[in-house]
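My notes follow in the order I made them.

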Amino acid sequence: SICIKLFFFLMIRRPPRSTLFPYTTLFRSTAVGDGFSTGMVATIARMVGEKDERNASIFSTTGIIILVILGLVLTPVLLFGAPNIFMFMRLPLDLIDTAWEYYSVFISFVPVIFAFLALSASFRARGDTKTPMLVGFGMNILNILLDWVLIFGKLGFPSMGLRGAALASGLSFFAGSLVLGIISVYSSAGLLKLKRSYVSMSHFKRIVKIGVPSMIERFAMSFSQLLVMAISVNPMGNIAIASFHIVMRLASLSFMPGFGFAIATASLTGQHLGASDPDSAERIMWIGTFYCGLVMAIISIIYYLFPEYLTSLFTSSTEIIGLTRQPLQIYALLVVFLAPAMVLRGGLQGAGDTAFTMKMMILSRFVIRLPLSWILAIHLGYGLSGVWFAMCFDFLIRGILFVIYTRKGSWRTVKI
């Protein structure tokens, strides 16, 4: 869906740098929701493993309602803080209007996005990844249709450009949240049983205990990437910015296996620990890492062999295509090390050991990625290739540390 959205943006006939900006790290505004939903997965999965259906449902209801309220509170903060974020990023002035055009609409849907994250987490924690997947697929189809209607002004609607793209995304999240909510409450096959549950502050505190380190971790991810953009990418100019985000979008596609295996590993690890079977939990983590690495290796071969063709799907600029080739090949050579960094991290989060994953993210992002990207890209003059080598070296070190920690086994005794 990322590539489809970008194709629509490129068809607006704006400069490539403008069409690519809205998908930068600035729009990881859902870091709080992502972190909180991690706490939901860990607590609900543990209750499912213990076969405690009542408390699992209470954790679900509490998490969903609190997260929506949090989204309502956070939305005006994000809107009023946006100008300062743009300036902090040292964003070229000709992109600020474009950024605001998209951001001002998209961020208004944060409460709906948080609702979707919470509902999806509740299903996944119980081992039902199929329902969120099907709903997500329907959301993408709806998003594509709304993009066509709202960006280009079809079926009697006005042409809204980037605002239409943002509105299409927001309305798709609204539809997805509505469908998951209906299934949760009314379907006889629904797993959440929300209508038998209630909001509990004691359960909320337990979610927060797991979720806050994960929130900090997500903020560290987003903030560190903003810093990388500000000190290592944006100073190189608009063409470099466009090239960087094309590689990032292609990289995002290869992240998908990692996200999928991490989600499944988190749920199964939590359930096995709840069932007092830590050996099976660890076995799940290693199996997930192996198969994720295998899929990423296959994708990396394609990326390494066909960088120009893949880049040409996003732009016809020969300058951008030439600038993107080497960074994409560097990423292809090292991306396999992202498998343990993603899957083992997911397993540890499912076990409730979010404090360690938070520390590792802060260490790798601020001690390795951030300074190394500046040294290689700006100080030594390697440009975007230097930035992407620094990012991939971060993957490598983090993956090694997760392997060592997982083998150590202290995560087995974490209390929820």
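I began with a side chain. A polar atom of the Thr 265 side chain lies 2.6 Å from the backbone oxygen of Phe 261. I kept in mind that this is a predicted model.

Next I placed the residue. Thr 265 sits in helix 10, which covers residues 238–274. Is Thr 265 buried or exposed? I found a relative accessibility of 3%. Buried means under 20%, so Thr 265 counts as buried.

I then listed what Thr 265 touches, leaving out residues up to four places away in sequence. The list holds Ile 284, Met 285, Gly 288, Val 343 and Gly 347.

I stayed with helix 10 and looked at its packing with helix 9, residues 201–233. The axes are 11 Å apart, at an angle of about 145°. I noted the crossing as right-handed. From helix 9, Gln 225, Met 229 and Val 233 take part; they meet Ala 240, Ile 241, Phe 244, His 245 and Met 248 of helix 10. I sorted these contact residues into six nonpolar, two polar and no charged.

Last, I turned to helix 13 (residues 318–334) and helix 16 (residues 383–408). Their axes come within 9 Å and cross at roughly 15°. Angles under 35 degrees count as roughly parallel, so I wrote these two helices down as roughly parallel. Their crossing is right-handed.

How values were computed:
Residues are numbered from 1 along each chain as its sequence is written. This is a predicted model: local features need pLDDT of at least 70, side-chain atom pairs count only at pLDDT 80 or more; totals for chains, interfaces and linings use all residues. Side-chain values use heavy atoms; hydrogens and water are left out. Helices (H or I, at least four residues) and strands (E, at least two) are DSSP runs, numbered from the N terminus. Buried means under 20% relative accessible area, exposed over 50%, partly exposed in between (1.4 Å probe, protein chains only). A polar contact is a pair of N or O atoms within 3.5 Å; within protein, one must be able to donate a hydrogen and the other to accept it, and residues adjacent in sequence count only if both atoms are side-chain atoms. Contact means heavy atoms within 4.5 Å. Axes are lines fitted to C-alpha atoms, for helices over the stretch in contact, and angles run from 0 to 180 degrees between N-to-C directions. Angles under 35 degrees count as roughly parallel, over 145 as roughly antiparallel, 65 to 115 as roughly perpendicular and the rest as oblique. A crossing is left-handed if the near helix is turned anticlockwise from the far one by less than a right angle, and right-handed if clockwise. Ala, Val, Leu, Ile, Met, Phe, Trp, Tyr, Cys and Pro count as nonpolar, Asp, Glu, Lys and Arg as charged, and the others, Gly among them, as polar.
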